[in-house]
Amino acid sequence: MRVLLVEDDAMLGGALKTALAGEGLSVDWVRDGVHAEAALQDEGYSLVLLDLGLPDRDGFDLLREARDRGSDAPVLIITARDALDDRINGLDLGAVDYLVKPFQTRELLARIRALVSRRAGRA
């Protein structure tokens with residue numbers, strides 16, 4: 001499974017890339033909005049992990065544009081933005097899940113497994 005990780009924090013991004021690779025996932029990691037925009041135009045991703053607070057672009061704008069282009073890749077937002085309105089906005093824009101930082105890697109991996117299972121048609 002190919003995953004796009006959009007995370008500007010080097011320490012968190014590196015740890016997540018290692019954890020995801022340890023689960024057998026192929027991970028492409030981008031660290032800013034410009035590279036994220038280009039990567040999101042690639043329809044080959046099974047999952048996108050999207051931070052909202054990025055250099056150069058806002059994650060909400062990236063998600064909105066991806067959905068406007070017809071992208072249906074599942075997007076799991078990972079962000080420090082914990083306001084209810086942000087969570088609702090992210091889900092309404094088409095994210096399938098929203099996880100607030102700080103989080104445990106084990107929880108993220110469990111959410112990914114649940115998303116993959118649902119997309120495969122299993123409850």
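These points go through the sheet, the charged pairs and a few single residues of a predicted model.

1. The sheet. Five strands form an open sheet, and their order across it is β2-β1-β3-β4-β5, with parallel pairing. Strands β2 (26-30) and β5 are the edges, since each of them pairs on one side only. On average, and with direction ignored, neighbouring strands of this sheet are turned by 20 degrees against each other. As background, strands of a sheet pair through backbone hydrogen bonds, and the pairing is either parallel or antiparallel.

2. Strand β1, residues 2-6, pairs with β3 in the parallel sense, and four bridges join the two. A residue pair to look for here is Leu5, which stands opposite Leu49 in β3.

3. Salt bridges and a link across the chain. How many salt bridges does the structure hold? The number is ten. One of them joins Lys101 to Asp51, with 3.4 Å between the closest N and O atoms. Lys101 belongs to the loop between β5 (97-100) and α5 (105-119), while Asp51 belongs to the loop between β3 (47-50) and α3 (59-68), so this pair ties together parts that are 50 residues apart in sequence. Is Asp51 buried or exposed? Asp51 has a relative accessibility of 4%, so it counts as buried, because buried means under 20%.

4. Asp58 and Arg81. These two side chains meet in a salt bridge, at 2.6 Å from N to O. The pair links distant parts of the chain: Asp58 is in the loop between β3 and α3, Arg81 is in the loop between β4 (75-79) and α4 (84-92), and 23 residues separate them. Asp58 counts as partly exposed at 22% relative accessibility, and Arg81 counts as partly exposed at 26%.

5. Glu65 and Arg57. Glu65 forms a salt bridge with Arg57, and their closest N and O atoms are 2.6 Å apart. Glu65 is partly exposed, with a relative accessible area of 27%.

6. Rings and charges. How many aromatic pairs does a search of the whole structure find? It finds zero. Arg31 lies over the face of Trp29, and the distance to the ring centre is 3.8 Å.

7. Asp86. This residue is found in helix α4. Asp86 is partly exposed, with a relative accessible area of 21%. Which residues is Asp86 in contact with, leaving aside its neighbours within four places in sequence? They are Phe60, Arg81 and Tyr98. Asp86 and Asp56 are 30 residues apart in sequence, and their C-alpha atoms are 19 Å apart in space.

8. Arg118. Where does Arg118 lie? Its place is in helix α5. With 49% relative accessibility, Arg118 counts as partly exposed, because exposed means over 50%. The C-alpha atoms of Arg118 and Ala15 are separated by 26 Å, and the two residues are 103 residues apart along the chain.

Note on methods:
Residues numbered from 1 in each chain as written. Predicted model: local features only at pLDDT ≥ 70, side-chain atom pairs only at ≥ 80, totals over all residues. Heavy atoms only, no water. Phe/Tyr/Trp six-rings, centres within 6.5 Å; stacked < 30°, edge-to-face > 60°. Lys NZ or Arg CZ within 6 Å of the ring centre and 35° of its normal. Salt bridge = Lys/Arg side-chain N within 4 Å of Asp/Glu carboxyl O. Buried < 20%, exposed > 50% of the residue type's maximum accessible area, 1.4 Å probe, protein only. Pairing = 2+ DSSP bridges. Axes fitted to C-alpha atoms, helices over the stretch in contact; angles between N-to-C directions. Contact = heavy atoms within 4.5 Å.
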